[in-house]
Amino acid sequence: MNKFEEIVNSDVPVLVDFFATWCGPCKMMHPILEELHEKVGDKAKIIKVDIDKNEALATSLKIQSVPTLMIFKGGEMKWRASGVHSARDLEAKLDEFK
């Protein structure tokens, strides 16, 4: 099992931010995700995946635009959206999958 699969097989929700270093909206997500991490603490995991360094994973998950956000729980994708989202909206979405 690869590291990504190990992480998303968690019992707590895992928010994955698929990003690229050259992407403007992706840069906007960074402080939002830091704020979200402060709010949710250990209730959820938040990870970032650089699509240029993880092309096979991005391709397998059909990432076509960045940022793409996904929530996994128990290895299963529960939610997916592209674009910038507020910390409040992401916190509410994570709460759905506690």
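Predicted model: local features only at pLDDT ≥ 70, side-chain atom pairs only at ≥ 80, totals over all residues.
Biologist: Why is the disulfide called right-handed?

Modeller: Because the torsion about the S-S bond of Cys23 and Cys26 is about 80°.

Biologist: And are Cys23 and Cys26 buried or exposed?

Modeller: Both are buried. Buried means under 20% relative accessible area, exposed means over 50%, and partly exposed is in between, using a 1.4 Å probe and protein chains only.

Biologist: New topic: how many aromatic pairs are there?

Modeller: Two. Rings of Phe, Tyr and Trp (its six-membered ring) pair if their centres lie within 6.5 Å; planes under 30 degrees apart are stacked, over 60 edge-to-face, and the rest tilted. Phe4 and Phe18 make a tilted pair, because their planes are at 50°, with ring centres 6.2 Å apart.

Biologist: Where do Phe4 and Phe18 sit in the chain?

Modeller: Phe4 is in helix α1 (residues 3-8) and Phe18 in strand β1 (residues 14-19), 14 residues apart. Helices (H or I, at least four residues) and strands (E, at least two) are DSSP runs, numbered from the N terminus. Phe4 is buried at 13% relative accessible area, and Phe18 is buried too, at 0%.

Biologist: What about the rings of Phe4 and Phe72?

Modeller: Their planes are at 90°, so that pair is edge-to-face, with centres 5.6 Å apart. Phe72 lies in strand β3 (residues 68-73) and Phe4 in helix α1, so the pair ties together parts 68 residues apart in sequence. Phe4, Phe18 and Phe72 form one aromatic cluster.

Biologist: What else is Phe18 in contact with?

Modeller: Contact means heavy atoms within 4.5 Å. Leaving aside neighbours within four places in sequence, the contacts of Phe18 include Val49, Leu57, Ile63 and Met70.

Biologist: Which charged end sits over the ring of Phe19?

Modeller: That of Lys48, 4.5 Å from the ring centre. A charge sits over a ring if NZ of Lys or CZ of Arg is within 6 Å of the centre and within 35 degrees of the ring normal.

Biologist: OK, on to the sheet. What order do the strands have?

Modeller: The order is β2-β1-β3-β4, an open sheet of four strands with mixed pairing. Two strands pair if DSSP finds at least two bridges between them. The edge strands, β2 (45-50) and β4 (76-82), each pair on one side only. From one strand to the next, the twist averages 20°.

Biologist: How many bridges join β1 to β3?

Modeller: Five, and the two strands run antiparallel. Leu15, for example, has Ile71 in β3 as its bridge partner.

Biologist: Which strands does helix α2 touch?

Modeller: Helix α2 (residues 24-40) packs on the sheet and touches β1, β2 and β3, its direction making about 160° with that of β2. Axes here are lines fitted to C-alpha atoms, for helices over the stretch in contact, and angles run from 0 to 180 degrees between N-to-C directions.

Biologist: And where does helix α4 lie?

Modeller: Helix α4 (residues 87-96) lies across β1, β3 and β4, at about 25° to β3.

Key: Residues numbered from 1 in each chain as written. Heavy atoms only, no water. Disulfide = S-S within 2.5 Å.
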